[in-house]
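Reader: I would like to go through this structure with you. Could we begin with the loops and then turn to helix packing?

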Amino acid sequence: MIVDPDRSFRRWRAVDSAAGGLALDLGLYAVSAVFAGVTAATSTLLPHRAWGTFAAVGYLVAALAVAGQLLARRHRCDAPLTGLGARWAVTGFAWATTALLPVVAQSIQRAAGRTDRAQEEVVVVEHAGARLAEHGTPYLGHDAIAALPPAEQLLGYTPYQPGMALFGLPRAAVDAWWTDARVWFALVTAGVLALAVATLRSRPAPAAPRRHAALLRAVQAATVLPVCALTLATGGDDLPVLALCLLGLAFAAAERPGRAGLAVGAAGALKLFAWPVALVLICWAATRRAGLRTALGALGLPALALVPALLVDRDALVENVLRFPLGHGLVTSPAQSPFPGHLIATALPAGRIVAAALLVAAGAAIAVRLLRRPPHTAAAIALICGYGLLAAILLMPSTRFGYLLYPVALLVWAPALALPEAAVRPEAPAGAASANSRTRPVGRA
């Protein structure tokens with residue numbers, strides 16, 4: 001698997017910079033408004049329909065605002081309303097109206113008795129938090145799940161890492177709208193993304209305006225894209241994981257491998273989706289002689305999170321974290337989006353074996369690439385993880401459409417990660433160019 005960051009960035013920059021970035025802004029909000037409207041009118045999932053009702057209006061207003069910016073730009077290219085500050089303001093408005101407002105509205109309606117205002121993962125996380133507070137483990141064992149009524153057995157499974165149960169602890173303490181797990185998913189996501197942006201903006205860069213524009217686009221990819229806004233408003237458990245991965249990459253761009261490992265390790269303590277990012281990050285850190293330091297956080301934090309659950313009930317941990325995702329639980333996962341892996345698994349003879357073989361082949365190709373050409377920049381990490389997770393999501397027999405938020409956000413963040421790196425690499429004397437081509441700087445903690 002060969003990734004050429006420079007070529008990818010040049011192509012992306014040509015699209016991203018049209019009309020000062022406003023052309024792509026308008027396309028993003030207009031298409032998102034259509035998507036939200038269609039979702040409100042046709043979705044069979046009631047939380048999704050409720051989201052679409054709010055989000056369609058938010059996206060439409062944002063699109064109209066950008067249309068006004070484009071008109072102002074035609075009269076005066078440097079008009080204040082067309083600058084980055086105004087674009088950030090529209091992005092903030094869009095996220096508030098398409099993600100945060102639906103989160104609050106659905107949480108209040110759910111607290112008032114509506115049972116159709118949250119997806120199953122919200123209930124699962126809150127139940128996991130209650131079990132963690134009462135029993136010291138978020139997991140039910142095989143026999144306990146089998147004793148549940150058949151209609152409730154799916155909700156008895158917690159297919160996450162133990163750290164995810166922390167988001168259910170507020171509901172275990174107080175039954176109120178603001179203890180809805182989605183509220184805490186949103187708060188953590190916002191805080192972590194703000195830290196990631198601050199980390200990247202604090203680094204000197206040779207082209208600051210271009211960096212700020214790339215950062216804006218990166219934030220849009222992690223917040224206002226429908227796949228992110230819809231997920232946060234209706235389920236939300238993937239957004240803190242994504243935000244922590246992006247924070248880890250921001251620390252990597254700032255040459256802080258120790259902190260990068262801790263951020264990605266925190267994500268891995270929530271969900272398995274962060275583990276591939278951790279492995280690629282460790283390969284990057286090894287090029288800076290910081291592999292062990294990074295691995296302590298990236299792998300150590302998830303391992304520590306597993307210890308209490310292992311001590312309390314090892315079989316329950318295995319049943320939830322391994323057997324159920326692999327399709328060996330009492331019930332099957334409802335993640336059945338019609339991607340190639342699922343279609344192959346269901347339509348071909350021995351389809352699951354074929355899909356698994358393709359998935360293993362893709363993983364092997366990425367492993368060979370990492371061994372032969374380990375990533376030397378945070379942007380390369382983002383590209384490898386983005387394309388790798390995209391391949392995995394498309395080839396997994398059981399997956400969800402919403403998982404696409406990971407590769408999309410990682411790929412769009414790559415240009416924002418590349419710009420600060422040019423400034424943190426030390427300048428080489430003219431006579432030492434060949435030596436520096438073989439030597440990488442040693443990262444800080």
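**Loops and helix packing**

Author: Arg289 is found in the loop between α14 and α15, helices here being DSSP runs of H or I of at least four residues, numbered from the N terminus. The model is predicted: local features need pLDDT of at least 70, side-chain atom pairs count only at pLDDT 80 or more, and totals for chains, interfaces and linings use all residues. Residues are numbered from 1 along each chain as its sequence is written, and side-chain values use heavy atoms, without hydrogens and water.

Reader: What is the phi of Arg289? And is Arg289 buried or exposed?

Author: Its phi is positive, about 55°, although Arg289 is not a glycine. Arg289 counts as exposed at 60% relative accessibility (buried is under 20% relative accessible area, exposed over 50%, partly exposed in between, with a 1.4 Å probe and protein chains only).

Reader: Now the helices: at what angle do α14 and α15 cross?

Author: The axes of α14 (residues 275-286) and α15 (residues 291-298) cross at roughly 160° and come within 8 Å; axes are lines fitted to C-alpha atoms over the stretch in contact, with angles from 0 to 180 degrees between N-to-C directions. That makes α14 roughly antiparallel to α15 (angles over 145 degrees; under 35 is roughly parallel, 65 to 115 roughly perpendicular, the rest oblique).

Reader: Which residues of α14 meet α15?

Author: Ala278, Leu281, Ile282, Ala285 and Ala286 in α14 meet Gly291, Thr294, Ala295 and Ala298 in α15, where contact means heavy atoms within 4.5 Å.

Reader: Where does Glu255 lie?

Author: Glu255 lies in the loop between α12 and α13 (257-268). Glu255 is buried, with a relative accessible area of 8%.

Notes:
Helices (H or I, at least four residues) and strands (E, at least two) are DSSP runs, numbered from the N terminus.
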